[in-house]
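Here is a short tour to read with the structure open beside you. Take a look at the sequence and the model first, then follow along below.

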Amino acid sequence: MAAKKKKTPAKKAAPKRAATSAKKPLTKASGTKKASRPAAKPNKRVVRTSKRPPARPKRPAGRKKPAVTVPEAPKALALARDIAKVALEKKALDVLIIDTRARASAVGYDYVVLATGESDRQLGAIADALDEALKPRGHRPSSVEPAPDWVLVNYDDVVVHLFTPDKRGVYDLEGLWSDAPRVPLA
């Protein structure tokens, strides 16, 4: 006997809607419309502007920049010269005083004294001689930082760097302060 085929009910066709002018026909570029997703929001680009101060007007070509007046520091200069004198008495080489008063507000001191010693022992002897010579005059260092090949002594207004020849060439503080005036040792 032949098996009977079951009849499945036919699906009802959806009623056709009349085309309205409000709907756009679908194209390949727009793709198919999905009913489950909401319409995409347009991307809004946020432009943030920085609050910069207005540009300075340019100085006319004939006018020069006003000269910076540097306040006098006679006590600091006397201290720097005393330090250089003590270093020379202890046979320090290449003693140099650099005037940093023009940038004192940025660096925190008025003068830099550089000196070179032949060994670590000589650097220590120079630092000890500075302490012995300046303590009776009321000058005490706020900090002393000894390291191999370099001793830094801070007298607040005057900073002293004692180097061995190799370290002085490596750090090149003369080059760092190349635009600062030099003070004669006399």
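Lysine 91 is exposed, because its relative accessible area of 63% is over the 50% cut-off. In this predicted model, you will find lysine 91 in the loop that joins H1 to E1. Its backbone is worth a look too: lysine 91 is not a glycine, yet it has a positive phi of about 65 degrees. As background, most residues other than glycine have a negative phi.

Aspartate 149 also has a positive phi, near 75 degrees, and is likewise a residue other than glycine. Its place is the loop between strand E3 (143-147) and strand E4 (150-154). How accessible is aspartate 149? Its relative accessibility is 27%, so aspartate 149 counts as partly exposed, a class that lies between the 20% and 50% limits.

## The chain as a whole

Stepping back, the protein chain has five helices and six strands. Following the sequence, they come in the pattern α-β-α-β-α-β-β-β-α-α-β.

The protein chain has 186 residues, and 26% of them are buried. Take the contacts between residues at least 6 apart in sequence: 60% of these join residues at least 24 apart.

## How H1 meets H3

Two packed helices are described by the angle between their axes and the distance between the axes. For H1 and helix H3 (residues 120-134), the axes come within 9 Å and cross at roughly 130 degrees. That angle makes H1 oblique to H3, and the crossing is right-handed.

Which residues make this contact? H1 contributes Leu79, Asp82, Ile83, Val86 and Ala87, while H3 brings Ile126, Ala129, Leu130, Ala133 and Leu134. Sorted by class, the contact of H1 with H3 has nine nonpolar residues, one charged residue and no polar ones.

Glutamine 122 also belongs to H3. Its relative accessible area is 16%, which means that glutamine 122 is buried, as this value is under 20%. Setting aside neighbours within four places in sequence, glutamine 122 is in contact with Lys90, Lys91, Ala92 and Gly117.

## Valine 95 in strand E1

Valine 95 sits in strand E1 (residues 93-99). Is valine 95 buried or exposed? With a relative accessible area of 10%, valine 95 is buried.

If residues up to four places away in sequence are not counted, valine 95 touches Ala84, Ala87, Leu88, Val113, Leu114, Ala115 and Leu185. Valine 95 and glycine 117 are separated by 22 residues in sequence, and their C-alpha atoms are 9.8 Å apart in space.

## Arginine 168 in helix H4

Now turn to arginine 168, found in helix H4 (residues 165-171). Arginine 168 has a relative accessible area of 8%, so this residue is buried.

What does the side chain of arginine 168 make a polar contact with? The partner is the side chain of threonine 116, at 2.7 Å. Beyond its neighbours within four places in sequence, arginine 168 is in contact with Leu93, Asp94, Leu96, Leu114, Ala115, Thr116, Phe163 and Glu174.

## Proline 71, ahead of H1

Finally, visit proline 71, which is placed in the segment before helix H1 (74-89). Its relative accessibility of 58% is over 50%, so proline 71 counts as exposed.

Terms used. Residues numbered from 1 in each chain as written. Predicted model: local features only at pLDDT ≥ 70, side-chain atom pairs only at ≥ 80, totals over all residues. Heavy atoms only, no water. Helix = DSSP H or I, 4+ residues; strand = E, 2+ residues; numbered from the N terminus. Buried < 20%, exposed > 50% of the residue type's maximum accessible area, 1.4 Å probe, protein only. Polar contact = N/O pair within 3.5 Å; in protein donor to acceptor, adjacent residues only side chain to side chain. Contact = heavy atoms within 4.5 Å. Axes fitted to C-alpha atoms, helices over the stretch in contact; angles between N-to-C directions. Parallel < 35°, antiparallel > 145°, perpendicular 65-115°, else oblique. Left-handed = near helix turned anticlockwise from the far one by under 90°. Nonpolar A, V, L, I, M, F, W, Y, C, P; charged D, E, K, R; others polar.
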